[in-house]
Amino acid sequence: MTDKPFDPVAAWADMVQKWEQEINGWSAKMTDNEQFGALVGNVSRIQLVVQRMVAEQMESMLTTLAMPTKAQVEELAERMAGIEDSIDRLRLAIEARVLVPGNAPVDAAPAPVEPKRTRKPPVKG
Amino acid sequence: MASGTEPSREDIAERVRREVDRALKRNIKGLEFLTAGRQDVGAMKKELVHREGTAMLYRFTPVVDEIYRLPLLIVSPPSNKGYIFDLAPGQSMVEYLLQRGYDVFNLDWAPPRHDESHLGLADYVDRFIPDSMARIEEITGERELTLAGYCMGGTLATIHTALHSGPEAQGAAANRVTNLLLFATPIDFATMRLFQTWADQRHFDVDMMVERLGVIPPELMLGAFDLARPANRTAGRMHLWTNMWNDEFVRSYRMFDRWAAETLPVPGEYFREQIKKLMWDNGLVNDRLEVAGRIAHLSSITCPILNIIAQHDHVVSREAAGPLMTLTGSTDREEIISKGGHVSLVAGPAALRRLWPLIDDWLGKRSV
């Protein structure tokens, strides 16, 4: 027997948690069979076909309206990512050259001091 | 039923006052929540030290003057961003490890471009991980290191170690891994019931999917997770509403929500190999996982292993990670079953008190 007074907020949280467990448990039972696997496989296949058809239609409509298509926007995003990648590589290459003794400009900030790699775990008493 | 502790009038008044106060805060903060931008993440200073397309290696700046000899390389799962290891001050595994004297690196992933859709398992375990190790050696002067991984990042770390360990291992990457630290790492894919149903070999046309899409969008993977726990999103929103008055809860919710929403696409070839070689063939357990012409034998792994599993993990069960304790060749293997779920191992506030100190105990003496 508990001495705790009734707390409606705690009861609500408890109810949500139980509901969540029940729905998740029910889903686990429903999905644990081959029919469900077949359904997922078919849906994925149909989804891909429909997606492609819609994309093609949409693309021709956007082209007619002289607007960029999803594929063109994605291509642009990929080019940006490629440029970012190249800039990162260039920066890293320049930094690697600067680190070689004699290559650093005279006004360059000194390289940060590396911590000593001699740490030992604390002795437990 | 008599409880003997009937609340007094003052108690009732106080509770009504508190609930009215919280209801008001819920409305005000609920509005703030709906109009807020992205939640900031990341607690610790880090620097990009190597990049190869999708692969990005970061070094977190050490925060103490004396650190352990062995660097620690954490491999993120290819479908998730690595900031889960460094969410916010006080809730960051990286912050904890830096403060305890580890030199922490993270191999993280940018969304793969379409011209990277051909990247497969071999690119991850035979190129990105070894190249990161070589760069770490340039920076630290240390050839050996501790390799860590979370979820599929752990699987990649395990495959790499299996391929590059033992007397027959050759090349620059051979026998570098001195310790293996694995969080919620799937190895026995036959035990992952829901994913097996979702990608049922008799009905799931992975080749068509890869050929049509090239890069696999995150929605596809999120769909599988939603099937596993369909009530989670709704229940999460309900809990959020109940706790809307609590700034800490809301901040934490928004960080996790951002992380889940920023699930990454993966290269089609990697996805195909994951489904065919791991999910369908269960290659690691059946001892026939072939990567770039070599078999990754779990028995080749002889370094110390710490296998960390979450008690209520609906993604990677104890059985799925189990072979790390039975099929590897190591004689120094430990398993920790921690309270919580799949993500709380690496980001939950409770892990800071319970789990991470155990990792520090295990790893400290093996990092000198």
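## Ground rules

Two residues are in contact if their C-beta atoms, placed from the backbone, lie within 7 Å. Helices (H or I, at least four residues) and strands (E, at least two) are DSSP runs, numbered from the N terminus.

This is a predicted model, in which local features need pLDDT of at least 70 and side-chain atom pairs count only at pLDDT 80 or more, while totals for chains, interfaces and linings use all residues. Residues are numbered from 1 along each chain as its sequence is written, and chains are lettered from A and ligands numbered from 1 in the order in which they are written.

## Where the two chains meet

Let's start with the contact between the chains, to which chain A gives 37 residues and chain B gives 44 residues. On the chain A side, the elements that supply two or more residues are α1 (8-31), α2 (34-64) and α3 (70-98). That side of chain A has 15 nonpolar, eight polar and 14 charged residues. Here Ala, Val, Leu, Ile, Met, Phe, Trp, Tyr, Cys and Pro count as nonpolar, Asp, Glu, Lys and Arg as charged, and the others, Gly among them, as polar.

One helix pair to look at is α1(A) with α8(B) (residues 232-242), whose axes come within 9 Å and cross at roughly 170°. Axes are lines fitted to C-alpha atoms, for helices over the stretch in contact, with angles from 0 to 180 degrees between N-to-C directions. The two helices are therefore roughly antiparallel; angles over 145 degrees count as such, under 35 as roughly parallel, 65 to 115 as roughly perpendicular and the rest as oblique. From α1(A), the residues involved are A:Val9, A:Trp12, A:Ala13, A:Val16, A:Trp19 and A:Glu20, and they meet B:Asn232, B:Ala235, B:Met238, B:His239 and B:Thr242 of α8(B).

## A helix with a buried face

Helix α6 (residues 206-213) of chain B has B:Val206, B:Met209 and B:Val210 as its buried residues. A residue is buried if 20 or more other C-beta atoms lie within 10 Å of its own, exposed if 12 or fewer, and partly exposed in between. Those of α6(B) line one face of the helix, because they fall within an arc of 95° seen down its axis (the arc is that of the directions from the helix axis to the C-beta atoms). Their cover includes α2 of chain A and α10 (268-280) of chain B. After α6(B) comes B:Gly214, with a positive phi near 75°.

## The nonpolar core

The largest nonpolar core has 100 residues, and B:Leu72 and B:Leu73 have the most contacts inside it. Such a core is a set of buried Ala, Val, Leu, Ile, Met, Phe, Trp, Tyr and Cys residues joined through C-beta atoms within 7 Å. Helix α3 (residues 121-140) of chain B gives the largest share, seven residues.

α3(B) also packs against helix α4 (residues 152-163) of chain B at about 70°, with the axes 10 Å apart, so these helices are roughly perpendicular. Their contact has seven nonpolar, one polar and one charged residues.

B:Val177 belongs to strand β6 (residues 177-183) of chain B and counts as buried because it has 25 C-beta neighbours inside 10 Å. Beyond four places in sequence, its contacts are B:Leu145, B:Leu147, B:Thr161, B:Ser165 and B:Cys303.

B:Ala172 sits in the loop between α4 and β6 of chain B and is exposed, with 12 other C-beta atoms within 10 Å. Beyond four places in sequence, B:Ala172 is in contact with B:Pro130 and B:Ala134.
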